[in-house]
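This report describes a single protein chain in terms of its secondary structure, charge pairing and backbone geometry. The sequence and the model are shown first.

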Amino acid sequence: MQDQLNDLPERAKDKHKAHKIFLSKLKKKPPKQLDYLMQELHDEEFQRTDCLECANCCKTTGPLFTTKDIERISKAFRMKPSKFIDDYLKIDEDNDYVLQSVPCTFLGHDNKCSIYDIRPKACREFPHTDRRKFQQIAHLTLKNVKICPAAFNIVETMMKKIN
């Protein structure tokens with residue numbers, strides 16, 4: 001897994017243009033069975049990929065925290081939402097709550113999440129490759145292939161199957 005992670009930035013850079021063109025076409029004219037295909041590719045990839053070996057998403061990016069996430073997590077921590085925000089979050093350039101720093105504060109040395117059962121929605125859904133109407137998040141997928149080896153592999157497989 002470490003070799004795959006080390007190679008990912010270069011591979012993603014090499015494939016960026018092809019991925020961008022492919023995902024743009026997909027957004028304009030998605031195949032009829034795209035959601036079904038994406039679910040299938042997602043499930044197959046995550047039979048091979050163990051996120052606990054990687055955790056690159058947790059090490060390199062911070063999730064967006066919704067109001068519901070903040071309320072749920074702060075309640076579990078037995079603190080006021082405002083205290084949770086002050087201690088862990090900041091507002092980014094898009095006016096969203098994100099972690100003050102990365103790697104994620106809640107990531108353990110064993111790559112396990114200390115708040116896994118109550119983690120933010122963005123973490124639960126990452127890398128979003130099994131999402132309905134996948135074509136609507138093409139811009140997000142283009143970013144995620146630089147972070148997540150599984151997302152990279154899914155896009156590569158999808159390109160072969162659809163083209």
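## Basis and conventions

The structure is a predicted model, in which local features need pLDDT of at least 70 and side-chain atom pairs count only at pLDDT 80 or more, whereas totals for chains, interfaces and linings use all residues. Residues are numbered from 1 along each chain as its sequence is written, and side-chain values use heavy atoms, with hydrogens and water left out.

Helices (H or I, at least four residues) and strands (E, at least two) are DSSP runs, numbered from the N terminus. Accessible areas come from the Shrake-Rupley method with a 1.4 Å probe, and for residues only the protein chains shown count as cover. A residue is called buried under 20% relative accessible area, exposed over 50%, and partly exposed in between (1.4 Å probe, protein chains only).

## The sheet

Three strands form an open sheet in the order β1-β3-β2, with antiparallel pairing. The edges are taken by β1 (64-65) and β2 (89-91); each has a single partner strand, so one side of each lacks a neighbour in the sheet. Two strands are said to pair if DSSP finds at least two bridges between them.

Strand β3 (residues 97-99) pairs with β1 in the antiparallel sense over 2 bridges. In this pairing, L64 stands opposite V98 in β3. Strands of a sheet pair through backbone hydrogen bonds, either parallel or antiparallel.

## Salt bridges

Side chains of opposite charge can pair when their charged atoms come close. The criterion for a salt bridge is a side-chain nitrogen of Lys or Arg within 4 Å of a carboxyl oxygen of Asp or Glu. The whole structure contains 7 salt bridges by this search.

One of them joins E45 to R48, with the closest N and O atoms 2.6 Å apart. Both residues lie in helix α2 (residues 34-48), and because they are 3 residues apart, about one helical turn separates them. E45 counts as buried because its relative accessibility is 3%, whereas R48, at 59%, counts as exposed. A further salt bridge links D87 and K83 (3.1 Å, N to O). These residues are 4 residues apart in helix α6 (residues 81-88), so they too are separated by about one helical turn. D87 is partly exposed, with a relative accessible area of 33%, and K83 is partly exposed at 42% relative accessibility. Elsewhere, salt bridges that share partners join D69, R72 and R124 into one network.

Within that group, R124 forms a salt bridge with D69, the closest N and O atoms being 3.7 Å apart. This pair links distant parts of the chain: R124 belongs to helix α7 (residues 121-125) and D69 to helix α5 (residues 67-76), 55 residues apart. D69 is buried, with a relative accessible area of 1%, while R124 is partly exposed at 42% relative accessibility.

## Surface charge

Which residues gather in a patch of negative charge on the surface? They are D3, D7, E10 and D14. Such patches consist of residues with over 30% relative accessible area and no salt bridge; like charges are joined within 9 Å, and nonpolar side chains (Val, Leu, Ile, Met, Phe, Trp, Tyr) within 5 Å. Lys and Arg count as positive and Asp and Glu as negative, while His and the chain ends are not counted. The place of a charge is taken as NZ of Lys, CZ of Arg, CG of Asp or CD of Glu.

E10 lies in helix α1 (residues 2-28). With 47% relative accessibility, E10 counts as partly exposed.

## Backbone geometry

Most residues other than glycine have a negative phi, and most peptide bonds are trans. A cis peptide bond joins V102 and P103, with omega about 0°; P103 is placed in the loop between β3 and α7. The peptide bond from F126 to P127 is also cis, with omega near 5°, and P127 is in the loop between α7 and α8 (138-144).

A55 is not a glycine, yet has a positive phi of about 55°. A55 occupies the loop between α3 (51-54) and α4 and is buried at 5% relative accessibility. N111, also not a glycine, has a positive phi of about 70°. N111 is found in the loop between β3 and α7 and is buried, with a relative accessible area of 14%.
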